[in-house]
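Hello,

Here is the structure I promised to send over. Please have a look, and then read on for what turned up in it.

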Amino acid sequence: LPWGGSTVIAVTSLVLLNAPSALTLTATIDPDGAFAESHENDNTQSEVTAVSGAPCATSPCIDLVAAQLVPSAAEVRAGDSVSFDLVVVNTGDSPAQMPDPADPLIFFDLFGDVTLGSYASSSPAVTCATSPSTTPSSNLLSACTGQLAPGERVTLTITVSVNGGASVTAVGLVDPTGQIAEHVDFADVPPFGNNRLARTIAINP
């Protein structure tokens, strides 16, 4: 860093079920003491975050969480490519799979004037099929099947070309038909529990 400069490091963590009642995050600058400093006793800072919510009372316990939905850009222009990453985690202690394995475990949809470029899954246990909607070059609807082991996460990445319009909205929905009995269910936190995320990016003319 230059003299007087500063930086921000953002850390995103997913709290698993049955976590302790408090979590401590500690940041340390120059941990190996590589730099000679006038004050060596102010390089560490810790923050404690309280954990709320009831843990699983019995096993098996499943809780699928739509943890992150991140676009590669906050705004784009017509003709640009943009990617959306959807992260889904099973925070429970048992495998998560639909009663009928052929039924979708995850919906990952894009709404806007877009054309599919590519689709990727970080886990071979979850595969997705994306098909255009009935309107050409508008909306991409994806259904993903498979299972997630306890504590396992999958990142689904969809890349599209933007044709025009005012915006593109991505929506991720886990256990879309509500067939899996989850620790935090649709009825607990209406309308979708912790199973849905949506992000919208603007399209500049």
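A word on burial before the rest: buried means under 20% relative accessible area, exposed means over 50%, and partly exposed is in between, using a 1.4 Å probe and protein chains only. This is a predicted model, in which local features need pLDDT of at least 70 and side-chain atom pairs count only at pLDDT 80 or more, while totals for chains, interfaces and linings use all residues. Residues are numbered from 1 along each chain as its sequence is written, and side-chain values use heavy atoms, with hydrogens and water left out.

First, the overall layout. The chain has eleven strands and zero helices; here helices (H or I, at least four residues) and strands (E, at least two) are DSSP runs, numbered from the N terminus. Of the 205 residues in the chain, 32% are buried.

Now to the loops. Asp 80 sits in the loop between strand E4 (75-77) and strand E5 (81-90). Its relative accessible area is 32%, so Asp 80 counts as partly exposed. Asp 80 and Ser 161 are 81 residues apart in sequence, yet their C-alpha atoms are 5.8 Å apart in space.

Pro 150 belongs to the loop between strand E9 (140-148) and E10. Pro 150 is partly exposed because its relative accessible area is 39%.

Two aspartates have a positive phi. For Asp 30, in the loop between E1 and E2, phi is near 50°. Asp 175, in the loop between strand E10 (153-174) and strand E11 (196-204), has a phi of about 50°. Which side of the burial cut-off does Asp 175 fall on, buried or exposed? With a relative accessible area of 0%, Asp 175 is buried. Asp 30 is buried too, because its relative accessible area is 15%.

Next, the largest pocket, which has a volume of about 430 Å³. On a 1 Å grid over the protein atoms alone, a pocket is an open set of points where a 1.4 Å probe fits, with protein on both sides within 12 Å along at least five of seven lines, and lining residues have an atom within 4 Å of a point. The volume is the space filled by probe spheres set on the points, which are joined across faces, edges and corners.

The lining is made of 15 residues, and Thr 7, Ile 9, Ala 27, Thr 28 and Ile 29 lie nearest the centre of the pocket. E1 and strand E2 (44-50) are the elements that give two or more residues to this lining, and E1 gives the most, with four.

Ser 46 lies in strand E2 and, at 36% relative accessibility, is partly exposed. The C-alpha atoms of Ser 46 and Thr 28 are separated by 8.8 Å, and the two residues are 18 apart along the chain.

Last, the surface. Ile 9, Val 11 and Leu 25 make a nonpolar patch of about 340 Å². Patches are made of residues with over 30% relative accessible area and no salt bridge, with nonpolar side chains (Val, Leu, Ile, Met, Phe, Trp, Tyr) joined within 5 Å and like charges within 9 Å. A salt bridge is a side-chain nitrogen of Lys or Arg within 4 Å of a carboxyl oxygen of Asp or Glu. Accessible areas come from the Shrake-Rupley method with a 1.4 Å probe, and for residues only the protein chains shown count as cover. Leu 25 is in strand E1 (residues 22-28) and counts as exposed because its relative accessibility is 53%.

Best wishes
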